[in-house]
Amino acid sequence: MRPPGGPGVGDGVRLDPEALGAALAEARAGLDEAAARSGRPPGSVELVLAGKYVPLDQTAVLIEAGVEVVGENRLQELRARREAAGERLTFDFIGHLQRKKAREVIESVRLLHSLDSARLAAAIADRSEGPTRVLVEVNVAGESTKGGIVPPQLRAFMEDVSEHTDLVIGGLMAMPPFQTDAERNRPHFAAVRRMAEDLAAEWGERHDLADLSMGTSQDYLVAAEEGATKVRVGRGILDKALITSPGTA
């Protein structure tokens with residue numbers, strides 16, 4: 001990670017595709033090792049690169065380096081990068097989704113990671129054409145500054161969204177509090193895994209609940225050990241591939 005105030009992607013620097021490819025390979029190897037520690041085979045955890053840290057003009061570098069899935073936070077950036085990438089990248093939406101933008105986002109991505117309200121669920125269901133698979137965002141630590149469904153309300157929320165026959169809950173997404181010590185978030189990741197297991201036992205015939213999207217740059221390996229199937233990583237990888245332009249060092 002870069003030190004506070006240091007250069008970063010979007011601050012006059014570029015990405016080196018070879019270095020980015022090596023960083024991706026290192027991260028994926030680490031994910032395979034973490035999955036093995038939890039009794040899972042290689043390839044069990046997918047790396048979703050957070051697109052908000054990557055300028056649009058660096059999209060070709062992502063493709064050259066071997067990035068497969070990009071998670072976007074905003075519709076405007078999603079539109080632009082999809083146009084730049086064509087069919088060469090897969091896109092997820094990992095940010096807060098406004099109801100009025102539901103149709104366009106759902107039509108443009110493989111997966112929404114951040115279903116966080118019954119009203120959004122209704123908007124997605126109204127605008128979808130056929131089954132739409134989404135992840136429910138869980139506010140695992142009950143933080144007032146974050147969205148998502150707090151754990152005590154999760155079962156009632158499942159009841160509500162299950163009324164929409166075309167809406168399929170594919171699992172849970174969580175972002176625990178920021179910690180410099182990744183181990184401090186292990187209990188949160190374990191709790192989300194247990195929530196998903198309990199919901200699968202109750203709702204397995206209606207929803208697949210196969211995915212856990214949890215873990216970011218500072219704690220993604222711990223998340224993988226605790227059952228994550230998707231991790232959302234940005235600067236933890238990108239900072240290893242920066243090319244500093246003259247005058248920005």
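The mean pLDDT of the protein is 93, with 93% of its residues at 70 or more. Residues 1-7 form a stretch in which pLDDT stays under 50. For this stretch the model has 13 contacts beyond four places in sequence. Where pLDDT is low, the predicted coordinates should not be read in detail.

Several strands pair in the parallel sense. Strand S2 (residues 46-50) has four of its five residues buried, so S2 is largely enclosed by the rest of the structure. S2 pairs in parallel with S9 over four bridges, and three bridges join S2 to strand S3 (residues 69-72), again in the parallel sense. Valine 48 takes part in both pairings: it stands opposite arginine 232 in S9, and its bridge partner in S3 is valine 69. Strand S4 (residues 90-93) runs parallel to S5, to which it is joined by two bridges. In that pairing, aspartate 92 stands opposite leucine 111 in S5. S5 itself is mostly covered, five of its five residues being buried.

Within H5, the residues Leu120, Ala121, Ala123, Ile124 and Ala125 are buried. An α-helix has 3.6 residues a turn, so residues three or four places apart point the same way. The cover over the buried residues of H5 includes helix H4 (102-108), strand S5 (111-115), strand S6 (132-138), helix H6 (154-161) and strand S7 (167-174).

Strand S7 includes alanine 174. With a relative accessible area of 0%, alanine 174 is buried, because the cut-off for that class is under 20%. Leaving aside residues up to four places away in sequence, alanine 174 touches Val138, Val140, Val192, Ser213, Met214, Gly215 and Arg232. Asparagine 139 is 35 residues from alanine 174 in sequence, while their C-alpha atoms are 6.4 Å apart in space.

Beyond four places in sequence, alanine 224 touches Leu31, Ala34, Ser38, Arg40 and Val45. The C-alpha atoms of alanine 224 and alanine 196 are separated by 15 Å, and the two residues are 28 residues apart along the chain.

Leucine 209 is found in the loop between helix H7 (186-203) and strand S8 (211-214). Its phi is near 50°, a positive value in a residue other than glycine. Most residues other than glycine have a negative phi. Leucine 209 counts as buried because its relative accessibility is 8%.

The largest pocket holds about 590 Å³ of space. Its lining is made up of 28 residues, and those lying nearest the centre are Lys52, Tyr53, Met175, Thr216 and Arg232. At least two lining residues come from each of S6, S7 and strand S9 (230-233). By class, twelve residues of the lining are nonpolar, ten are polar and six are charged.

Notes: Residues numbered from 1 in each chain as written. Predicted model: local features only at pLDDT ≥ 70, side-chain atom pairs only at ≥ 80, totals over all residues. Heavy atoms only, no water. pLDDT = per-residue confidence, 0-100. Contact = heavy atoms within 4.5 Å. Buried < 20%, exposed > 50% of the residue type's maximum accessible area, 1.4 Å probe, protein only. 1 Å grid on protein atoms, 1.4 Å probe; cavity = no way out; pocket = protein on both sides within 12 Å on 5 of 7 lines; lining within 4 Å. Points joined across faces, edges and corners; volume = space filled by probe spheres on them. Nonpolar A, V, L, I, M, F, W, Y, C, P; charged D, E, K, R; others polar. Pairing = 2+ DSSP bridges.
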